[in-house]
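Welcome to a short tour of a protein model.

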Amino acid sequence: MNSQLALLGGPATITQNFKHYNPIGEEEVQAAKEVIESGVLSQFIGAWHPDFLGGPKVKEFEALCAKHFGVKHAITVNSWTSGLIAAVGAIGIQPGDEVIVPPWTMCASATAILHWNAIPVFADIDPQTFCISPQSIEDNITPFTKAIMAVDIFGQSADMDAIMSIAKRHHLKVISDTAQAPGAMYKGKYAGTLADVGGFSLNYHKHIHTGEGGILVTDDDEIAKRLQLIRNHAEAVVQGMGMTDLTNMVGYNFRLGEIECAMGITQLKKLGHFVNGRQKVAQRFNQTLSSLPGLTLPHVMPDSTHAYYVYPMLLDTLALGVKRETLIKALQAEGVTGIGAGYQNVHMLPMFQQKIAYGSHGFPWTSDICHREISYTKGICPVAEKYHDETYMGFAMCLHDLNHADVDLIAKAFLKVWNHLDELKRIP
Ligand SMILES: *Cc1c(COP(=O)(O)O)cnc(C)c1O
C-alpha cells in the first residue's frame, strides 16, 4: 500500500492481462457447423411467400426470444442499428416529426430517427441512472413530438413507468434501446419489453453476441408486421400481403442469417448466467470501493436490476482536489484497463453541430418538413455535458471475464491511488 504510485515511477498493482470476455463456446461452434453443413445459410425471400419470414433457425430463435422475454413477437435483424431504423419506421413516424432521445447513447439511436427524415430532439439524462430524464422529456415536448426513444444505458432500464405515463398523456409512441441491458429487470419485467417496441444488440461487444445482429420485441401485432416488412423489402410484399396502409413501407434487407440465429439460440440460454456474473463482479467492486471518498458508485433503482455493460461512477473532483484525468491516468498506470473519462454526448457530434446529414445543405433541419428551429448547442443537456466534461468515469465490464481475484486486484489499484491523493493533487 505504501509503495510509490506507478504513475510516479513505482511498481504497477496489476501486471497480468485479464482473460478476454468471450461468451462463445463449443455449443455455438456446433450450432454454426450444423447450419453450414445443411447448406441453408439463409432462407428468406423478399416477396409474399412462405419464406418471407425466414428459415428454420430464424423462426426457432425468434420463438425462443419471445418466450424468454415474455413478449408476443420477437423479430431478428442483422444489427440493432437496423432494428432501431425498423422500429422508428414501424411506429409510423412522418418526415419532420420530433422524436425525443437522450444524448448518452450510441449514435445509432439518433441516426435511426434521421433515417426517416424525422428530427432528433435531445433530452437530458437523469443524474443518478444516466438514462433519459422523464422531467427533461416533458420539457422538450412540442406539438410536433411523436415518440420517445428511451435508452437503457450501461445496463439499467430507464424509468419506464414515468416514461410510459408521459407517452400516454401526450399520445406518443415509445421505443426502448436496450442494447446494453439484455436481461436487466424493471419491476418484474425484462428491460426492453415495456415500450411499444424495444430490443437488443447481438454485436461482438454486447453480453451475448452472434458477431452482428439484433432482436426486436413487441406485443403489438401491427408493429410486428411492419417490422417484418421493413426488414425484408416491404414495397415488394405489401400487395401480396394485403397491406393497404403504405406508411413507411420502404423496405431494406435487414435479415439475420441462419448461422447467427443458430448461435443466438445457444447464446440466449447463457444470458442469465453472464448477467449474473457481471452482477457478482459489480457487488464485489461495491463492497471495496464504497469506502473511497469522493467516488459515487452505480445507483440501481429500487425494483430494478443492472446488467453492467459498464460500471458507471462519478467523481467529486472538487472534494478530492485532483483532476479526473490525473486520477484516471494513475489508475491506468496501476494496470486498470477499460477505465475512461466521460461518455459520448451524441448532440455534440459534427452531424448535429453543423446540421449536415443528408446532402450538404442542412436537410432535414432547413427543409419545409422541419416545423421549427432545433437547437443542438452546448447547454441543452447540462447534466450530460457536465458529467461528460468533468465528473463521469466508466469501467467497461464488457472487455474481460473477471474472477474474484481480478476484481480484488483492480480494487487494490483504486485503494492505492486514493491513498496517494496528496501527491496527485500536486499534478497540474
Ligand atoms: C450497441 C448499441 C447500439 C447498436 O447496436 P449494433 O448491433 O452494433 O448496431 C445501439 N444503441 C446502443 C445503446 C448500443 O449500445
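## An enclosed space

The count here comes to 1 cavity of 30 Å³ or more. On a 1 Å grid over the protein atoms alone, a cavity is a set of points where a 1.4 Å probe fits but cannot get out, and lining residues have an atom within 4 Å of a point. Grid points are joined across faces, edges and corners, and a volume is the space filled by probe spheres set on the points. The largest cavity has a volume of about 60 Å³.

Before going on, a word on the source: this is a predicted model, in which local features need pLDDT of at least 70, side-chain atom pairs count only at pLDDT 80 or more, and totals for chains, interfaces and linings use all residues. Residues are numbered from 1 along each chain as its sequence is written, and side-chain values use heavy atoms, with hydrogens and water left out.

Which residues line the largest cavity? They are Phe69, Pro182, Phe200, Ser201, Leu202, Lys206, Ile208, Ile215, Leu268 and Leu271. This lining divides into 8 nonpolar, 1 polar and 1 charged; Ala, Val, Leu, Ile, Met, Phe, Trp, Tyr, Cys and Pro count as nonpolar, Asp, Glu, Lys and Arg as charged, and the others, Gly among them, as polar. At least two lining residues come from each of β8 and α9 (258-289). Such helices (H or I, at least four residues) and strands (E, at least two) are DSSP runs, numbered from the N terminus.

## Around the ligand

The ligand is surrounded by 13 residues, and the closest are Thr81, Asp177, Ser201, Asn203 and Lys206.

A polar side-chain atom of Thr81 lies 2.5 Å from a ligand oxygen. For Ser201, an N or O atom of the side chain is 2.7 Å from an oxygen atom of the ligand, and for Lys206 the distance is 3.1 Å.

## The largest pocket

A pocket is an open set of grid points with protein on both sides within 12 Å along at least five of seven lines. The largest pocket has a volume of about 350 Å³. Its lining has 16 residues, with Phe274, Gly277, Arg278, Asp401 and Leu402 nearest the centre.

Helix α9 gives the largest share of this lining, 7 residues. By type, the lining residues are 6 nonpolar, 7 polar and 3 charged.

## A helix on the inside

Why is helix α7 (residues 221-231) described as largely enclosed by the rest of the structure? The reason is that 8 of its 11 residues are buried, where buried means under 20% relative accessible area, exposed over 50%, and partly exposed in between (1.4 Å probe, protein chains only). Among the elements covering the buried residues are α2 (56-69), β1 (73-77) and α3 (80-90).

Just after the helix, His233 takes a positive phi of about 55°.

## Two loop residues

Gln180 sits in the loop between β5 (173-177) and β6 (185-186). At 8% relative accessibility, Gln180 counts as buried. The side chains of Gln180 and Tyr343 are joined by a polar contact of 3.4 Å.

Ile356 belongs to the loop between α12 (350-354) and α13 (382-391). Ile356 is partly exposed, with a relative accessible area of 37%.

Conventions. Contact means heavy atoms within 4.5 Å. A residue is near a molecule or strand if one of its heavy atoms lies within 4 Å of it. A polar contact is a pair of N or O atoms within 3.5 Å; within protein, one must be able to donate a hydrogen and the other to accept it, and residues adjacent in sequence count only if both atoms are side-chain atoms.
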